[in-house]
Amino acid sequence: KVLEVYKKSGDRVRKDEPLLQLDLETIRTEYETKKESLEMQLNKLDLQRKTIASDLAEMKMQVDIDEMMLKRTLVSLNNERYLDSIGASTKVREAELNYTVKQMQLEQLKRKYENKKSTSRSEIRSLELDYKIAKRNMDLLFKTLGEAQVMAPRSATLTWINDQVGASVSQGSNLAILSDLSSFKVEGEIADSYADKITAGNRVNVVI
């Protein structure tokens, strides 16, 4: 709604001089709501990043531990094979099976770790996109709030202004018309025989 009108038709105004004030309380309330929601989204994004980083670090540590365990199992297997070669071991098959199982478990864990990294990246990208969209919407509202006070875009004469205090206006509707009365554009016709007389910078007398 039109809240205040500072100028009237016919006034000469300077650039950035206020013309009228709009009541944007509804938009201000919406802006504050979106601002709070945006802060919650940012907190959620930060928390998710930390949670994912912690989970990945834990999985990576487990991968490293399992790799060391597999190496130790391989050493035990080689020892059993050596003992078996001299007839002093009966646990080669058991050691081989144990090594194979641990090797498969390690490969499974590595796949889980890589899958977790991939899905985590997608999840973070999705949250970041949601945040960017919400931030863009909030910035648009902030820009609208900044336009509550309608300013003259240039020095000119105010030829019309919506001076109906309390009147509702929709987005995109005209609020004022400024005209630069220091110069004019004239449309007219002349005979072709005078066409060579028209050159830039010529003075003219216009009768209207």
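In this predicted model, the side chains of Glu67 and Lys110 form a salt bridge with an N to O distance of 3.1 Å. The pair links distant parts of the chain, since Glu67 belongs to helix α1 and Lys110 to helix α2, 43 residues apart. Glu67 counts as partly exposed at 28% relative accessibility, and Lys110 is likewise partly exposed, with a relative accessible area of 29%. Elsewhere, salt bridges with shared partners join Asp46, Arg49 and Glu128 into one network.

The structure holds twelve salt bridges. Another of them joins the side chains of Lys8 and Asp11 at 3.5 Å, N to O. Here the two partners fall into separate accessibility classes: Lys8 is exposed at 55% relative accessibility, whereas Asp11 is buried, with a relative accessible area of 19%.

Helices α1 and α2 also meet through aromatic side chains. The model has one aromatic pair. Its members are Tyr31 and Phe142, whose ring centres lie 5.8 Å apart with the planes at 40°, so the pair counts as tilted. Tyr31 lies in helix α1 (residues 25-85) and Phe142 in helix α2, so the pair ties together parts that are 111 residues apart in sequence. Tyr31 is buried, at 11% relative accessibility, but Phe142 is exposed, at 52%.

Thr157 itself counts as buried, because its relative accessibility is 13%, under the 20% limit.

Asp16 deserves a separate look for its backbone. Although Asp16 is not a glycine, it has a positive phi of about 70°. This residue sits in the loop between β2 (12-13) and β3. With a relative accessibility of 48%, Asp16 counts as partly exposed.

The remaining topic is open space. The largest pocket holds about 650 Å³. Its lining is made up of 24 residues, of which Leu22, Glu147, Gln171, Gly172 and Leu175 are the closest to the centre. At least two lining residues come from each of β3 (18-22), α2 (92-146), β4 (149-151) and β6 (176-179). Helix α2 gives the most, with four residues. By class, 13 of the residues lining the largest pocket are nonpolar, seven are polar and four are charged.

The second largest pocket holds about 310 Å³ of space. One part of its lining consists of Val186, Glu187, Gly188, Glu189 and Ile190; the other residues are Ile198, Thr199, Ala200, Gly201, Asn202, Val204 and Val206. This lining has six nonpolar, four polar and two charged residues.

Note on methods:
Residues numbered from 1 in each chain as written. Predicted model: local features only at pLDDT ≥ 70, side-chain atom pairs only at ≥ 80, totals over all residues. Heavy atoms only, no water. 1 Å grid on protein atoms, 1.4 Å probe; cavity = no way out; pocket = protein on both sides within 12 Å on 5 of 7 lines; lining within 4 Å. Points joined across faces, edges and corners; volume = space filled by probe spheres on them. Nonpolar A, V, L, I, M, F, W, Y, C, P; charged D, E, K, R; others polar. Buried < 20%, exposed > 50% of the residue type's maximum accessible area, 1.4 Å probe, protein only. Phe/Tyr/Trp six-rings, centres within 6.5 Å; stacked < 30°, edge-to-face > 60°. Salt bridge = Lys/Arg side-chain N within 4 Å of Asp/Glu carboxyl O.
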